Amino acid sequence: QALEFADRLFDDDEILAATEAARKTQEAEVRTGGYLPAFMRYDAYCVAVILALGFGRLLLTGQLSPSHWMFWTTLYYMKMAYGLLSFPFLIFRLPLLGRGLVRALPTAYDQSGALVQKLTSALMKRKKKLDDRARAKAQERHIRKLQAARKRERKVAASREAGAARRAALDSLAAAKRRAVPAGSTAGGAVRKRR
């Protein structure tokens with residue numbers, strides 16, 4: 001049942017149709033791999049020959065035990081022979097020729113973890129300049145915000161001080177009035193009768 005469900009879920013025809021539709025919308029070129037498949041066949045042939053010769057020799061001489069020193073020596077020589085027979089892959093390391101054979105662009109991961117085209121050194125320098133400018137502008141905005149906040153704080157503190165000074169002046173004026181006017185009189189000099 002699980003296999004039937006998987007077959008219904010992953011229909012090959014639907015996947016191929018979706019892949020073809022995505023190729024058309026993204027205008028992607030269909031490639032066969034250039035020269036790389038031939039190199040991979042060569043590599044597989046080399047591995048098969050080295051394994052057959054190395055382990056065949058160990059089997060024929062009766063030294064196919066990891067405890068025997070010849071076993072480890074043969075493994076070393078097999079590894080060395082594989083490394084030497086990998087010389088055709090050096091062509092991919094040549095600056096212009098290697099890229100022309102594969103036609104694949106180098107990729108890398110960005111800060112968010114997405115796989116993107118790797119930047120050249122010129123693009124990296126340009127991106128660094130843009131990032132530095134953006135960082136400087138952000139820092140400038142932050143400094144301006146801090147200055148505006150400090151200015152608001154100073155205004156609030158000044159208004160509080162002015163309010164406190166006004167209240168103190170009014171309080172001292174009220175106290176002076178109370179001291180100047182006796183308790184049963186008014187400011188005009190007439191005595192008010194108490195009821």
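1. In this predicted model, helix α3, which spans residues 36-61, packs against helix α4, residues 69-85, at an angle of about 160 degrees, and the axes of the two helices lie 10 Å apart. Because of that angle, α3 runs roughly antiparallel to α4, angles over 145 degrees being counted as such. The crossing in which α3 passes α4 is right-handed.

2. On the α3 side, the residues that meet α4 are Y42, D43, C46, V47, I50, L51, G54, F55, R57 and L58, while α4 contributes M70, F71, T74, L75, M78, A81, Y82 and L85 to the contact. Sorted by class, the residues of this contact between α3 and α4 comprise 14 nonpolar, 2 polar and 2 charged.

3. Turning to the pockets, the largest pocket holds about 230 Å³ of space. Its lining consists of A108, Y109, D110, Q111, V116, Q117, K118, L119, M124, K127 and K128, and the elements that supply two or more residues to that lining are strand β1 (107-109), strand β2 (115-117) and helix α6 (121-180).

4. As to how this lining is made up, α6 provides the largest share, with 3 residues. In terms of residue class, the lining of the largest pocket has 5 nonpolar, 2 polar and 4 charged residues, with K118, K127 and K128 among the residues that line the pocket.

Key: Residues numbered from 1 in each chain as written. Predicted model: local features only at pLDDT ≥ 70, side-chain atom pairs only at ≥ 80, totals over all residues. Heavy atoms only, no water. Axes fitted to C-alpha atoms, helices over the stretch in contact; angles between N-to-C directions. Helix = DSSP H or I, 4+ residues; strand = E, 2+ residues; numbered from the N terminus. Parallel < 35°, antiparallel > 145°, perpendicular 65-115°, else oblique. Left-handed = near helix turned anticlockwise from the far one by under 90°. Contact = heavy atoms within 4.5 Å. Nonpolar A, V, L, I, M, F, W, Y, C, P; charged D, E, K, R; others polar. 1 Å grid on protein atoms, 1.4 Å probe; cavity = no way out; pocket = protein on both sides within 12 Å on 5 of 7 lines; lining within 4 Å. Points joined across faces, edges and corners; volume = space filled by probe spheres on them.
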